[in-house]
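Please keep the sequence and the structure open while reading.

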Amino acid sequence: MTEDRTSWQWGKLGDAIKAAREARGLRQIDLAERAGISEGTVQNLEGGEPRSRMPQSLAKVEPHIGWAPASGLAILRGGEPTLIPVVHEATATANLRKDPLREKLPLRVVDELESDDPLIDSQVIQLPGIPGARMTVVVHGSPDATPEQIQEALLAWRRAEANLHRLPDDPDDEPRAANGQ
């Protein structure tokens with residue numbers, strides 16, 4: 001049986017994260033850097049807005065605010081976090097699972113890939129004229145989008161995708177299809 005997530009206490013979780021962060025004298029940017037996420041992600045967590053799924057960033061924040069794993073979930077369900085002493089930052093970072101994507105990609109790309117926004121589509125497109133070179137596109141919708149808005153975004157992506165596939169093989173050719181002219 002699937003858990004009813006409609007009663008999760010997102011506001012309580014946001015307040016608890018903020019309180020734990022401030023108790024440690026951390027600014028949002030400090031917590032973001034330690035957890036390997038963006039400041040905007042910390043702001044979203046502290047904002048307490050309801051979500052349709054558990055944010056992956058929560059597990060990354062927990063050890064840096066003195067919480068045991070799954071403490072955020074306990075708060076969402078109406079409980080309290082399990083407190084642990086915050087270890088030296090180097091130790092906390094070393095204990096986190098190494099994420100090869102974090103080591104390869106810019107933070108803004110990783111943050112977008114870990115976004116809680118609904119995934120509309122993704123595509124790997126071979127770049128013309130360069131064997132082995134390809135582009136990866138991940139299309140997200142707005143977190144509060146209606147089904148109609150998601151469908152509209154999907155159609156917009158399909159038009160853009162078709163243009164990307166029509167890029168000229170010769171870089172000196174005019175990219176008429178790519179810019180819609």
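In this predicted model, leucine 31 is in contact with Arg21, Leu26, Val42, Val61, His64 and Ile65, leaving aside its neighbours within four places in sequence. Leu31 is also among the buried residues of helix H2, together with Gln28, Asp30, Ala32 and Ala35, and what covers these buried residues includes H1, H3 and H4.

The packing of H2 against H3 is described by an angle of about 110 degrees, with the two axes 8 Å apart; because angles of 65 to 115 degrees count as roughly perpendicular, H2 is roughly perpendicular to H3. H2 passes H3 in a right-handed crossing, and the residues that meet are listed below.

| Helix | Range | Residues in the contact |
|---|---|---|
| H2 | residues 28–35 | Gln28, Ile29, Leu31, Ala32 |
| H3 | residues 39–47 | Glu39, Val42, Gln43, Glu46 |

The residues of this contact of H2 with H3 divide into 4 nonpolar, 2 polar and 2 charged. After H2 comes glycine 36, with a positive phi near 75 degrees.

The largest nonpolar core has 18 residues, and Leu31 is one of those with the most contacts inside it, a group that also holds Leu13, Ile17, Ile37, Val61, Ile65 and Trp67. Two or more residues of this core come from each of H1, H2, H3, H4 and H5, with H1 giving the most, namely 4 residues. A second, separate core of 5 residues includes Ile120, Val137, Val139 and Trp157. In soluble globular proteins, nonpolar side chains tend to be buried together.

How values were computed. Residues are numbered from 1 along each chain as its sequence is written. This is a predicted model: local features need pLDDT of at least 70, side-chain atom pairs count only at pLDDT 80 or more; totals for chains, interfaces and linings use all residues. Side-chain values use heavy atoms; hydrogens and water are left out. Axes are lines fitted to C-alpha atoms, for helices over the stretch in contact, and angles run from 0 to 180 degrees between N-to-C directions. Angles under 35 degrees count as roughly parallel, over 145 as roughly antiparallel, 65 to 115 as roughly perpendicular and the rest as oblique. A crossing is left-handed if the near helix is turned anticlockwise from the far one by less than a right angle, and right-handed if clockwise. Contact means heavy atoms within 4.5 Å. Ala, Val, Leu, Ile, Met, Phe, Trp, Tyr, Cys and Pro count as nonpolar, Asp, Glu, Lys and Arg as charged, and the others, Gly among them, as polar. Buried means under 20% relative accessible area, exposed over 50%, partly exposed in between (1.4 Å probe, protein chains only). A nonpolar core is a set of buried Ala, Val, Leu, Ile, Met, Phe, Trp, Tyr and Cys residues joined through side-chain atoms within 4.5 Å.
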